[in-house]
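Student: I would like to learn how to read a pocket and a helix packing from a model. Where do we start?

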Amino acid sequence: MRKNTAISTSDEIILKLKLLAREKEAVRRKLAVTAKKLAMTATRLAITAKEKEGVRRKLAVTAAKLKTSYETLEKKVLDRTKSLEMSRVKEEAILLSIGDGLLVTDEKGNIIIINATAERLFGKKSKDVVGKMFSKVIPLENEKGMAISFEKNHVITAPTTSSPTANPSYFFMREDKTRFPMAIMATPVVLNGMVIGGIKIFRDITHEREIDKAKTEFVSLASHQLRTPLSTVNWYAEMLLAGDVGVLNEKQKKYLDEVYRSNQRMVELVNALLDVASLEVGTFLIEPEPTDICKLTQSVIDEQRPQIDAKNLTFSFLCGKDVSSMQADPKLLRMVMQNILSNAVKYTPEGGNIALSIDLAGKKNLLLKITDTGYGIPKNQQNKIFTKLFRADNVRDKDTDGTGLGLYIVKSIVENCGGKIWFKSPYGNVKCGTTFYVELPLDGLKKSTQ
Ligand code: ADP
């Protein structure tokens with residue numbers, strides 16, 4: 001029994017030993033797997049370190065490259081800044097050395113730049129005007145010495161209109177009370193469609209004016225001298241045509257008629273030149289007196305009647321019932337009407353229509369309107385119609401007589417009297433024709449004192 005017990009104990013031990021051996025084997029195997037994993041991890045770590053070193057090297061190279069590019073860029077920026085500064089200084093030097101007076105303003109009209117010529121012209125120093133309103137420090141005036149209102153001062157309004165404006169009739173009075181006329185060109189500065197300021201170029205035109213005046217005086221003198229011989233030719237031609245020294249045959253009459261008509265044209269031209277001269281020299285007198293406008297117009301029409309009838313024109317005249325006598329210079333008003341009416345007659349072909357009307361325009365003005373069904377005025381020449389000696393191509397082609405001075409004289413008279421003249425001619429339409437409008441102040445023309 002004891003022996004049996006001893007056997008079973010050793011079996012148990014063997015069994016346990018076997019179990020232990022198996023467990024040991026399992027642990028060994030696990031350890032082997034772990035060792036393998038560790039070896040793998042070590043290999044991976046070795047690779048990562050190598051990669052890290054590679055990246056570090058690459059980074060170092062990139063950093064070196066960046067440093068070089070930065071230095072190059074810095075140099076380039078420096079060079080560019082220098083060259084920009086140089087060209088800015090050059091541009092400013094060019095601007096400041098322009099022979100004409102130059103002023104640059106911002107969009108509000110404050111002066112930014114003034115060049116040496118403008119400083120000299122206006123008798124102002126750059127430091128005293130830069131940053132200040134142009135209209136305050138450079139007040140402009142008209143020929144008569146009156147300040148030009150803000151709205152009428154194109155030099156100020158040019159930046160708001162975004163188009164250049166030229167106006168030759170501005171004056172400036174320096175602090176030492178010397179005054180000079182100037183030609184001004186005001187141009188807006190536009191950036192991306194927005195007006196950001198204005199450039200004004202000024203030129204002292206005292207000398208040009210003096211030359212102009214001398215020329216006008218010469219024309220006036222020459223015209224006066226021409227009048228006498230022309231009157232003599234006129235007088236003798238009339239006598240001959242009237243048969244005072246014997247009857248002329250048809251051919252002689254025809255030739256003499258031509259002499260007489262050419263002489264008449266010459267008289268008209270000389271008279272027109274004299275009118276222009278006295279308008280420009282400023283000796284044109286306005287002598288207002290109570291004038292019956294309708295009656296005066298009717299007499300102008302009567303004078304033109306032979307030409308109206310010769311061309312078979314239909315003529316209508318309407319004088320508004322409220323148009324009464326007003327203060328006007330009948331001599332000047334007659335000149336205005338004669339010119340516009342004779343143009344309508346001259347530039348309307350046979351069988352056409354002319355309508356003349358005079359009426360009140362509002363409470364303050366008188367409006368004269370002459371519509372014809374004539375040749376019209378070509379669109380591309382309409383802006384020149386009131387300039388001296390201008391005649392449009394379409395009427396020159398038609399061989400009508402004219403001096404090109406009539407409308408220039410009319411406009412000067414009307415504007416000197418405080419009125420306005422304009423026209424409409426829808427040229428290109430089959431029935432184009434022209435309508436001239438003259439507006440005159442009802443409160444009467446101001447008497448000129450010269
Ligand atoms: P002119 O002596 O040539 O008529 P004006 O100064 O009176 O000179 O007119 C200038 C020009 O204006 C004319 O030559 C003509 O081309 C144009 N004009 C004036 N009035 C008319 C009109 N009613 N119809 C067509 N053209 C006209």
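Tutor: Start with the residue classes: Ala, Val, Leu, Ile, Met, Phe, Trp, Tyr, Cys and Pro count as nonpolar, Asp, Glu, Lys and Arg as charged, and the others, Gly among them, as polar. Keep in mind that this is a predicted model.

Student: Which residues lie nearest the centre of the second largest pocket?

Tutor: Glu268, Ser342, Asn343, Lys346 and Asp401 do, out of 50 lining residues. By class, the lining divides into 21 nonpolar, 17 polar and twelve charged residues.

Student: Which element gives the largest share of that lining?

Tutor: Helix α7 does, with ten residues. Elements that give two or more residues include α8 (293–310), α9, α11 and β12 (434–441). Domain 3 (212–281) and domain 4 (289–441) each supply at least three residues.

Student: How do the axes of α9 and α11 cross?

Tutor: The axes of α9 (residues 330–346) and α11 (residues 406–416) come within 10 Å and cross at roughly 145°. The crossing is left-handed. On the α9 side, the contact is made by Leu332, Met335, Val336, Asn339, Ile340 and Asn343. α11 contributes Gly406, Leu407, Ile409, Val410, Ile413 and Val414.

Student: How do the residues of that contact divide by class?

Tutor: Nine are nonpolar, three are polar and none is charged. Asn343 of α9 belongs to this contact, and Asn343 is also among the residues nearest the pocket centre.

Conventions. Residues numbered from 1 in each chain as written. Predicted model: local features only at pLDDT ≥ 70, side-chain atom pairs only at ≥ 80, totals over all residues. Heavy atoms only, no water. Axes fitted to C-alpha atoms, helices over the stretch in contact; angles between N-to-C directions. Helix = DSSP H or I, 4+ residues; strand = E, 2+ residues; numbered from the N terminus. Left-handed = near helix turned anticlockwise from the far one by under 90°. Contact = heavy atoms within 4.5 Å. 1 Å grid on protein atoms, 1.4 Å probe; cavity = no way out; pocket = protein on both sides within 12 Å on 5 of 7 lines; lining within 4 Å. Domains from an automatic or database assignment.
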